[in-house]
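Subject: Structure for you to look over, with notes

Dear colleague,

Here is the structure that I wanted to pass on to you, with the sequence alongside. Please have it open while you read the notes that follow.

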Amino acid sequence: MDTSHPILIYAELLSNIRQVSVGCSLRTPVSSSTRASISSDGQVLAVNHDGLETSLRLPGRVASIKQLPVQNRGTKNLSWRLPLARTLGHTVSSMQEGQTVPWSANDLQPESHIACRTCRATIVESGTIKEWKDLPSENWAEMMEFWHCHKPHDHGHGHNGDGLTTSKAYGASSRISAQSAIGFVDLTSFLLSEKDLSSGNVSTLEKRKGISHDEAPENNDAHHSPDENLPLFCKTCNSQVGVVNDQGTSVSLFKWQVHVNEQSHRNSGDLPELSQCVSAMLLATMARSGCSKSIILPLKTQVQRTEEVSQANETTNSVLNVWVFNSSITFSSTEEARSPIRAVKVFYRMVTQAEADKLLDSMTSDVQDIYLPVDAIEKLINILGDSNHVLPQNDRQFKEWKVGLLEK
């Protein structure tokens, strides 16, 4: 991100009250020569200060105001609330309300190859995946318990619960099995049959180093990932592209680590990034549980590289705590050339493992746990730190929380 602007302007669309909130940080105090104005079409804000002019395309068209009031002389911060133009109607609201899922099944080309995004080595050959299918939400089996008195294919009248659901491979403990030639699409990953992989280009650490399951490190954490899987690496660039699931017959490929050809109806051309996948996870967790706060924990694997194990041990007493403040905003900033951008606004902080355990174990807990690979958590922390500097100085902190933005 470009941090060279002597005048930092940040604008956020508040569609519920039909306003655009603007904050501006200056390197020197406001003077009598400081000016701010809105373009005649209501789409650009310009600030003149110390002989320099900086302009920003706003996230929504506002009423044209030739000169904005400039107060707070002697300080380095300015702020305004600008009313949206009346002709904008409800277009902005409806645009913001839709939840974006990065790469749904309809976005992907059947028979597309799947490649490592870092080096473009082929992970799945062209023509292998005949069809893409969206997976249901994570709690689909639990919800079925509420929706059906008699489960699918259950023609008996007994209500003995667990035994029946187990025999039918159905219930809260049920899983969807991978099928050859079918690509199942989750929020953040693709579930594939291990047979569909191009084995010459990917490997698990277990295969590369000849480590047996008996040598896998034990996990004695109070909170550990529900499944411990084998990490899957690209042989060419050594990037972790996914995990081999515990049954050994299926793999999950991380969306932010791979490239897949898109359907022609998609015009964006932008591949889902980690920030978009994490924001989707946070919103899905909030919709499912009602909890807006999450603890981001490292995804444990049966075998980890030595440096990752050491790294995980060093960060045992520091984990990421994220709180969704606004699930759908559109912002513009002079520090972000792609403005305007849709995003989730979050508060975040680092907490000790002991504090995280306490938050998760509380009887009145409003915190959920989310698991990501160690390197993805590190990257996420950097993304949040970079986004914090997109905001004006006065808006970067809320009590003990820092403020960040995750793209949608």
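A cis peptide bond, with omega about 0°, joins Pro 340 to Ser 339.

Before going further, please keep in mind that this is a predicted model, in which local features need pLDDT of at least 70 and side-chain atom pairs count only at pLDDT 80 or more, while totals for chains, interfaces and linings use all residues. Residues are numbered from 1 along each chain as its sequence is written, and side-chain values use heavy atoms, with hydrogens and water left out.

As to the whole protein, its secondary structure comes to eight helices and 22 strands. Of its 408 residues, 48% are buried, where buried means under 20% relative accessible area, exposed over 50%, and partly exposed in between (1.4 Å probe, protein chains only). The protein exposes about 20,400 Å², of which carbon and sulfur atoms supply 47%; accessible areas come from the Shrake-Rupley method with a 1.4 Å probe, and for residues only the protein chains shown count as cover. Among the contacts with a separation of 6 or more, 69% are between residues 24 or more positions apart, a contact being heavy atoms within 4.5 Å.

Strand β19 also holds Arg 349, which, with a relative accessible area of 17%, is buried. Leaving out residues up to four places away in sequence, Arg 349 touches Val 319, Leu 320, Asn 321, Glu 355, Leu 359, Glu 400 and Trp 401. The C-alpha atoms of Arg 349 and Ile 295 are 9.9 Å apart, although 54 residues separate the two in sequence.

The buried residues of α7, which spans residues 353–361, are Gln 353, Ala 356, Asp 357 and Leu 360. These four cover an arc of only 100° around the axis and therefore sit on the same side of α7, the arc being that of the directions from the helix axis to the C-beta atoms. The face turned away from that buried side carries the exposed residues Ala 354 and Lys 358.

The next point concerns two other helices, α5 (residues 274–289) and α8 (residues 374–388), which pack at an angle of about 95° with their axes 10 Å apart. Axes here are lines fitted to C-alpha atoms, for helices over the stretch in contact, and angles run from 0 to 180 degrees between N-to-C directions. The two helices are therefore roughly perpendicular to each other; angles under 35 degrees count as roughly parallel, over 145 as roughly antiparallel, 65 to 115 as roughly perpendicular and the rest as oblique. Leu 274, Ser 275 and Val 278 in α5 meet Ala 376, Lys 379, Leu 380 and Ile 383 in α8. The residues of this contact divide into five nonpolar, one polar and one charged, with Ala, Val, Leu, Ile, Met, Phe, Trp, Tyr, Cys and Pro counted as nonpolar, Asp, Glu, Lys and Arg as charged, and the others, Gly among them, as polar. Ser 275 is buried at 7% relative accessibility, and, not counting residues up to four places away in sequence, Ser 275 touches Ile 383, Leu 406 and Glu 407.

Most residues other than glycine have a negative phi. Asp 50, in the loop between β4 (44–49) and β5 (52–57), has a positive phi near 55° and is partly exposed at 46% relative accessibility. Arg 120, in the loop between β7 (114–116) and β8 (122–124), likewise has a positive phi, of about 65°, and is partly exposed with a relative accessible area of 48%.

Lastly, Gly 60 is found in the loop between β5 and β6 (77–83) and counts as buried at 8% relative accessibility. Its C-alpha atom is separated by 6.4 Å from that of Leu 13, which is 47 residues away along the chain.
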